[in-house]
Amino acid sequence: MKKSIFYHAGCPVCISAEQDIITLIGAKNVDIVHIGEDKSRIDEAEKAGIKSVPALLTPNGNVLHLNFGASIEAVKG
């Protein structure tokens, strides 16, 4: 089974959401991507439809934008 991918930028909103996601779906079922530290993954996130972080990309390609920490444009800068 494919994993979900949780994209975040390291802000307090993102860190809190990361912990909730891990609690809800389990660490083995999600890849955590801190695009604030690994900017090489921003293009991948944008292609998947991520507009802001924190966001969860489900295994079937749905994007779930959670709360609002930062836009992808802000993370790029």
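**A tour of charged side chains**

Select Lys3 to begin: with a relative accessibility of 34%, Lys3 counts as partly exposed (buried means under 20% relative accessible area, exposed over 50%, and partly exposed in between, with a 1.4 Å probe and protein chains only). The model is predicted, so local features need pLDDT of at least 70 and side-chain atom pairs count only at pLDDT 80 or more, while totals for chains, interfaces and linings use all residues. Residues are numbered from 1 along each chain as its sequence is written, and side-chain values use heavy atoms, leaving out hydrogens and water.

Lys3 and Asp31 form a salt bridge, with the closest N and O atoms 3.5 Å apart (a side-chain nitrogen of Lys or Arg within 4 Å of a carboxyl oxygen of Asp or Glu). Lys3 lies in the segment before strand E1 (4-8) and Asp31 in strand E2 (residues 30-34), so the pair ties together parts that are 28 residues apart in sequence. Helices (H or I, at least four residues) and strands (E, at least two) are DSSP runs, numbered from the N terminus.

Next, select Glu18 in helix H1 (residues 12-25). Glu18 is buried and has no salt bridge; Lys3, the nearest side chain of opposite charge, is 12 Å away (Lys and Arg count as positive, Asp and Glu as negative; His and the chain ends are not counted).

Finally, select Lys76 and Glu46, whose salt bridge has its closest N and O atoms 3.0 Å apart. Lys76 lies in helix H3 (residues 72-76) and Glu46 in helix H2 (residues 42-48), so this pair ties together parts 30 residues apart in sequence.
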